[in-house]
Amino acid sequence: MNRKLILSLALSGFVLGAVAQTAPAIPRDEKIEKQVEKLLKKMTLDEKIGQMCELTIDVLQDRTADPSKGFQLSEAMLDSVIGKYKVGSILNVPNGVAQSVEKWQEIIKRIQEKSMKEIGIPCVYGVDQIHGTTYTLGGTLFPQGVNMGAAFNRELTREGARISAYETKAGSIPWTYAPVTDLGRDPRWPRMWENYGEDCYLNAEMGRESVLGFQGSDPNHIGTNNVAACMKHFMGYGVPVSGKDRTPSSITEQDLREKHFAPYLEMVRNGALTIMINSAMNNGLPFHANYRLLTQWLKEDLNWDGMIVTDWADIDNLWKRDHIAKDKKEAIKLAINAGIDMSMDPYNWNFCPLLKQLVEEGEVPMSRIDDAVRRILRLKYRLNLFDKPYYDMKDFPLFGSAEHAAAALQAAEESLILLKNTDNILPLAKGKKLLLTGPNANSIRTLNGGWSYSWQGDKADLCGADYNTILESFTNKFGAENIIYEAGVTYKEGGNWWEENEPQIDKAVAAAAGADYIVACIGENSYCETPGNLTNLFLSQNQIDLVKALAKTGKPIILILNEGRPRLIADIEPLAKAVVNIMLPGNYGGDALANLLAGDANFSGKMPYTYPKEINSLITYDYKPCEHIGKAMEGAYNYDAQVSVQWAFGYGLSYTTFAYSNLKVDKANFTADDVLTFTVDVKNTGNRVGKESVLLFSSDLVASLTPDTRRLRAFEKIELQPGETKTVTLKLKASDLAFVGYDGKWVLEQGDFRIQAGDQVTNIACTQTKKWETPNK
């Protein structure tokens with residue numbers, strides 16, 4: 001009976017009221033639409049269903065081929081997958097490890113030749129290139145998403161995506177599964193590092209820039225150097241109740257609409273072509289079976305004609321794991337009727353005959369099949385795959401170039417966060433001897449994290465051997481004669497990511513005798529997705545013991561936090577003179593850190609998430625007033641926070657200082673239709689050039705639902721010479737101050753708001769309440 005109820009609700013949509021009529025999210029291209037319809041009319045049911053199936057590349061491997069030649073396609077499997085079942089999409093990386101551009105071109109050219117011959121429709125190939133060209137050897141790897149959020153630099157995010165698209169296309173790959181805009185609001189969650197931090201506005205801004213960088217300015221005509229973006233994971237993936245990957249969330253209607261939907265709304269409105277779905281469930285209903293969210297919120301309410309793809313094996317999960325279907329056939333019915341267009345199956349083409357049976361039995365309407373196939377064909381025409389299904393390496397001379405490397409280095413430099421600098425110990429004085437210690441000091445793997453050359457990032461030290469570890473970068477920067485290396489703690493090669501070898505702390509302590517400063521590189525090894533689940537958020541005991549032992553030497557300690565999520569360090573932070581949070585800065589992270597600690601570059605990163613101090617005090621910056629659980633924050637950025645945290649969202653130091661003054665607004669009294677223009681003067685009061693991210697926060701002082709303490713509403717990053725003052729302009733649509741009420745509708749209520757930038761505060765007032773009858777403002 002429960003299964004029937006779920007299907008009934010899915011088919012009906014279980015929501016009252018007419019669908020809002022909005023302009024198409026992506027302008028309609030009549031030429032493309034005519035091509036789609038003409039082709040669709042010629043297609044058999046088998047061909048249509050085949051387009052809706054996506055299989056992993058390993059299914060096509062010739063297991064009898066000479067291993068010395070690398071991955072080889074099986075002609076027999078090509079006959080089955082493409083010839084017989086007409087499969088329209090292939091994904092993933094051969095043998096689970098990054099390939100050369102030449103190998104990518106060889107593989108995809110053959111797949112496309114077969115697809116065009118057998119079906120007359122090109123394949124759309126997808127890969128998780130989420131922080132640069134992560135699955136192409138020799139490509140440019142950028143910092144992970146969480147670092148790009150910390151940089152607060154829209155231009156860098158767009159440029160990183162543009163370069164990634166260019167280098168991805170060099171391998172003839174037209175589709176990348178990025179950007180990731182799950183909100184990283186739970187530090188226990190193993191995918192915190194893939195997105196742009198905990199805030200919905202920051203994720204929406206960076207998600208938009210990433211989409212525009214990947215796709216270019218015309219989503220109907222993706223250029224030679226561009227690829228289709230795939231927003232993920234729709235939605236609410238980053239707040240599982242347990243903190244573990246792919247486990248249930250319990251998100252309110254208000255938070256779902258107001259926060260988790262916000263990045264996708266912004267990206268769809270800026271032309272994003274595809275979307276991947278959250279593998280988990282909310283309030284008991286898996287997202288892959290949620291008609292209301294997939295069809296109504298996304299396709300109908302936004303008038304979006306893009307394509308929805310599942311995540312890995314998630315139709316199977318509806319019956320094997322989630323028990324809302326009795327078998328795969330029923331799971332397919334639920335997912336396709338809910339709005340799924342393509343199934344990342346990924347190993348078994350039985351999706352095709354099972355879906356065909358469902359259509360013939362009337363369980364899945366032919367109109368739903370045609371709608372899904374239209375969306376897939378439309379994507380392929382927009383990508384120009386019919387005319388150019390593969391490319392030539394010679395047309396991409398900037399692949400892996402010094403120009404691209406410079407952009408990745410700048411992104412790394414702007415993303416690293418100086419959290420503590422007692423007595424201005426940094427930048428380091430020249431000619432001093434440095435002890436580099438800790439398990440992260442000599443590792444490319446830890447600089448990159450997961451989705452780097454391999455799923456878990458465990459092949460990075462081999463594939464990325466040409467790049468510099470922190471140790472190598474410091475040796476180059478400060479001179480080999482000034483560097484002492486003794487790890488003290490190391491990760492177990494070939495073991496689980498959290499496993500460490502028997503510590504040799506005494507060796508590190510002995511080595512400290514010859515050093516002036518200790519640079520302790522601590523944190524996490526690389527991991528990805530569910531294998532990254534943990535049961536203890538504290539830093540490993542071996543690493544804690546290492547820092548405590550080194551502190552007893554009396555030598556000043558600089559802590560380098562190289563981690564995908566914030567590990568608790570409250571008991572060792574007081575032992576350090578300086579703390580730098582580098583997170584996962586990519587292949588150029590070691591060089592960036594060396595430049596910054598030498599004073600050749602200046603810190604400008606700010607925290608994109610709240611760094612917790614205590615295990616039972618996990619909280620985000622936009623908490624409710626009743627969640628005060630500690631003393632006021634201390635330091636340069638005291639935002640009246642009353643929660644006990646290690647470092648607040650938006651916090652970050654520089655080698656220079658900035659003074660804010662003259663915060664003004666052009667409309668102190670406003671209505672929902674107004675655009676508010678704020679200006680604030682920012683002066684560099686120090687003696688070094690520096691960049692400052694100017695963050696504008698709002699606080700709704702009284703509302704019909706308890707308001708968040710504060711919300712980020714705008715930001716701009718500026719560069720100032722010593723003594724220079726700039727007036728920063730920050731525009732804010734008054735409607736962005738609205739919230740989702742208890743009835744699920746957007747409302748901006750009459751009343752007062754407090755606006756803050758730096759230490760400057762001003763008050764504004766809404767003079768008239770407005771409630772929206774449309775689902776989105």
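Trainee: Is the crossing of α4 past α5 left-handed or right-handed?
Mentor: Right-handed. That term applies if the near helix is turned clockwise from the far one by less than a right angle, and left-handed if anticlockwise. Helices are DSSP runs of H or I, at least four residues, and strands are E runs of at least two, numbered from the N terminus.

Trainee: Where does this model come from?
Mentor: It is predicted: local features need pLDDT of at least 70, side-chain atom pairs count only at pLDDT 80 or more, and totals for chains, interfaces and linings use all residues. Residues are numbered from 1 along each chain as its sequence is written, and side-chain values use heavy atoms, leaving out hydrogens and water.

Trainee: What's the angle between α4 and α5?
Mentor: About 45 degrees, with the axes 10 Å apart. So α4 is oblique to α5. Under 35 degrees is roughly parallel, over 145 roughly antiparallel, 65 to 115 roughly perpendicular, the rest oblique. Axes are lines fitted to C-alpha atoms over the stretch in contact, and angles run from 0 to 180 degrees between N-to-C directions.

Trainee: Which residues meet there?
Mentor: Glu75, Leu78, Asp79, Ile82 and Gly83 in α4 meet Arg110, Ile111, Lys114, Ser115 and Glu118 in α5. Contact means heavy atoms within 4.5 Å.

Trainee: New topic. Is Cys53 buried or exposed?
Mentor: Buried, because its relative accessibility is 0%. Buried means under 20% relative accessible area, exposed over 50%, partly exposed in between, with a 1.4 Å probe and protein chains only. Cys53 sits in strand β1, residues 53-56.

Trainee: How far is Cys53 from Gly88?
Mentor: 6.2 Å, C-alpha to C-alpha, though they are 35 residues apart in sequence.
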